[in-house]
Amino acid sequence: MAVYTHLTAGAGFTAQSFALGGVVATKLVPSLLFGPLAGVLADRFDRRKVMVTCDLTKFVLLLSIPFVGQLWWLLVVTLLLELCTMFWIPAKDAAVPNLLRSPAQMESAAQLSLLVTYGVAVVGGAGLFALVSKVGPLFGADQATTVYAALCVNAFAFLASALVVYLAIPEISGRATEAERRHAPPSMLFLLRDGYTFVVRTP
C-alpha cells in the first residue's frame with residue numbers, strides 16, 4: 001500500500017481511490033478464479049520445486065517494481081504475486097506431513113502455521129517496515145527510496161526462503177501419489193459442478 005500511495009501521489013483523491021480499488025481487486029481475482037484449481041495443479045509437480053519457483057518469481061517481481069515505477073506494473077505484479085501464492089500455499093500445506101515425526105503432530109503443526117502466518121509474519125513485517133521508514137531519513141533517503149528499500153528487503157526475504165527450501169529441506173520433495181489423489185477430498189471445482197448438476201436435474 002505504501003508503494004501505491006507513492007505512485008499516485010499528486011494524482012488526486014479519485015485517482016488514488018481507483019488505484020486502491022484496483023490493487024484490492026487484483027489481489028482477490030486470482031483466489032476467485034484459480035483458487036479451486038491451484039491445489040490440484042500444484043500436486044502434479046514436485047512440492048519443493050513449486051515452492052522454490054514461486055519464491056524466486058516473487059523475488060524478481062518485487063525487485064522489478066522500483067525499476068518500472070508505474071502503477072499499471074504494480075497492479076500486474078500484485079496479480080502475479082497472488083497467483084504464485086495460490087500455488088505456494090497448497091504445496092507448503094501438502095509438504096507439512098513430511099516434516100513430522102508422527103501424524104499426531106498435525107494439529108500442533110497447523111496451529112504453528114496459523115500463528116506464524118497471521119501473527120509473527122504480520123507483526124514482523126510491519127515492524128520491519130517501520131524500522132526501514134525510521135532509519136531511511138537518517139541517511140538522507142526520501143520517501144520513494146525508503147519505500148523501494150522496504151520492497152527490496154521483502155524481495156530478498158523470498159530469495160532467502162527459496163534458498164532454505166531448496167538447500168536445507170529436501171524432505172518436502174514429492175508429489176501426491178495416485179492413491180492419495182483417489183482418497184483426497186473432492187476438489188472445489190468438482191463440488192461446484194456436482195451442485196450445479198443437482199440443481200438443474202432436481203425438480
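Here is a short walk through a few spots in this structure, which is a predicted model.

Let's start on helix α2, which runs over residues 13-42.

Move on to the loop that links α2 to α3 (47-68), and you'll find Asp-46. Asp-46 is buried, yet it has no salt bridge. The nearest side chain of opposite charge belongs to Arg-48, 4.8 Å away, while a salt bridge would need the charged atoms within 4 Å. What Asp-46 does have is a polar contact, side chain to side chain, with Ser-173 at 3.5 Å.

Further along, helix α3 holds Ile-65. With a relative accessibility of 4%, Ile-65 counts as buried, because the cut-off for that label is under 20%. Ile-65 and Val-77 are separated by 12 residues in sequence, and their C-alpha atoms are 7.8 Å apart in space.

Val-77 takes us to α4, where it is one of the buried residues. Others on that list include Trp-73, Leu-74, Leu-81 and Met-86, and also the charged-type side chains Glu-82 and Lys-92. As for the geometry of α4, its 25 residues (71-95) should span 36 Å at 1.5 Å a residue, and the C-alpha atoms at its ends are 36 Å apart, so the two values agree.

Key:
Residues numbered from 1 in each chain as written. Predicted model: local features only at pLDDT ≥ 70, side-chain atom pairs only at ≥ 80, totals over all residues. Heavy atoms only, no water. Helix = DSSP H or I, 4+ residues; strand = E, 2+ residues; numbered from the N terminus. Buried < 20%, exposed > 50% of the residue type's maximum accessible area, 1.4 Å probe, protein only. Polar contact = N/O pair within 3.5 Å; in protein donor to acceptor, adjacent residues only side chain to side chain. Expected span 1.5 Å × (residues − 1).
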